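Please open the model in your viewer and keep the sequence beside it. The stops below say what to select next and what is there.

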Amino acid sequence: MIERLSVVPPVNAALPSPTKLAPSILTADFGRLAEQIRQAEEGGADYIHLDVMDGCFVPNISFGPPVVRAVRQATSLPLDVHLMVVEPERYIDAFAAAGADLLTVHVEASLHLHRTVEQIVSAGCKAGIAINPATPISAVREILPFVDLALVMSVNPGFGGQRFIETTTSKLRRMAEMIKEYNPTCELEVDGGVAQNNIRDVALSGASVLVVGSAVYNSSATPQENLATLRAALAG
Ligand code: DX5
Ligand code: ZN
C-alpha cells in the first residue's frame with residue numbers, strides 16, 4: 001500500500017509560489033520570546049506558527065491565549081495558530097481576541113466541523129483544518145471549499161523535533177490535487193519534521209506553507225541563520 005501511494009506523480013514541476021516559512025515557537029526560548037520572534041521576523045519568516053496543546057487531544061500541554069497575545073505584541077507577522085485541542089469551538093473567540101489571524105482546528109477534534117469553521121470566520125479569522133497522519137485526505141473533502149488553509153501533519157502531533165513521516169509527500173501531492181479541484185486558493189501547509197534535508201522535496205510535493213520548528217529554534221545557530229539555510233535548501 002505504501003509503495004502504491006509513493007508512486008503518485010508530482011502535481012507540481014516547480015515550487016509553489018510563494019513558498020512560505022512558518023517558524024513554530026514550540027522549541028523557542030520562552031524566557032526571551034519577543035526577541036526570538038523578532039529573530040524569526042528578521043530571518044524572513046512569513047508566518048509565526050503557534051502550537052496550542054491541551055494535554056487531551058495530544059499528550060502534551062503548551063500554552064493558551066495569553067502567550068498568543070504576547071506574540072501578537074511582538075510582531076506584525078500573521079499569527080498561524082494551530083489548535084491541538086478537543087472541542088476547539090470552545091476557544092475560538094478567546095484566540096481570536098488574543099490576536100490570531102488564522103485558526104486551524106483538527107478534523108478529528110471537532111464534531112460539527114462546518115459550524116466550527118463558520119465560527120472562526122465570524123470571529124474575524126482565516127480558517128484552517130488539519131489532519132493527523134492516519135487521517136485520509138477524503139476527511140476534508142466536504143469542508144475544503146469553506147477554508148483558507150489545509151494542514152497535513154507529517155508527525156503525530158504533540159512534540160517538536162520528531163522525524164518526518166516519509167509517506168507524507170505522497171499525501172501532500174494527493175491533497176494538492178484535491179485543493180486544485182475544490183478550492184484552488186486554499187493554502188496547503190505541512191507541519192512536523194521539516195528540515196534542511198527534506199524541505200525542497202516537501203515543497204515540490206505541493207506544500208505552500210512549511211512549518212519549521214526545531215530546524216529554526218535550536219542551539220546550533222540563530223533563527224536568522226537557520227532560516228537562511230532553509231531558504232537555500234528550498235531553492236536547491
Ligand atoms: C507538532 C507541532 C509542530 C511542531 C513543529 O505537534 O504541531 O508545529 O512543533 O516542530 P518540528 O519542526 O520540530 O517538527
Ligand atoms: Zn503545529
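Begin with Pro18, which sits in the loop between α1 (2–6) and β1 (20–23); helices (H or I, at least four residues) and strands (E, at least two) are DSSP runs, numbered from the N terminus. A cis peptide bond, with omega about -5°, joins Ser17 to Pro18.

This is a predicted model, in which local features need pLDDT of at least 70 and side-chain atom pairs count only at pLDDT 80 or more, while totals for chains, interfaces and linings use all residues. Residues are numbered from 1 along each chain as its sequence is written, chains are lettered from A and ligands numbered from 1 in the order in which they are written, and side-chain values use heavy atoms, with hydrogens and water left out.

Next, select the zinc ion (ligand 2), which is coordinated at 2.0 to 2.3 Å by His49 (NE2), Asp51 (OD), His82 (ND1) and Asp191 (OD); donors are N, O and S atoms within 2.8 Å of the metal (3.2 Å for Na, K and Ca), and water is not among the atoms, so sites may look incomplete. Of these residues, His82 in strand β3 (residues 79–84) and Asp191 in strand β7 (residues 187–191) link distant parts of the chain, 109 residues apart.

Then show α2 and α3, where Leu33, Ala34, Ile37, Arg38 and Glu41 in α2 meet Val67, Val71 and Ala74 in α3, contact meaning heavy atoms within 4.5 Å.

Finish at Glu87, in the loop between β3 and α4 (92–98), where phi is near 45°, a positive value in a residue other than glycine. Glu87 is partly exposed, with a relative accessible area of 41% (buried is under 20%, exposed over 50%, partly exposed in between, with a 1.4 Å probe and protein chains only).
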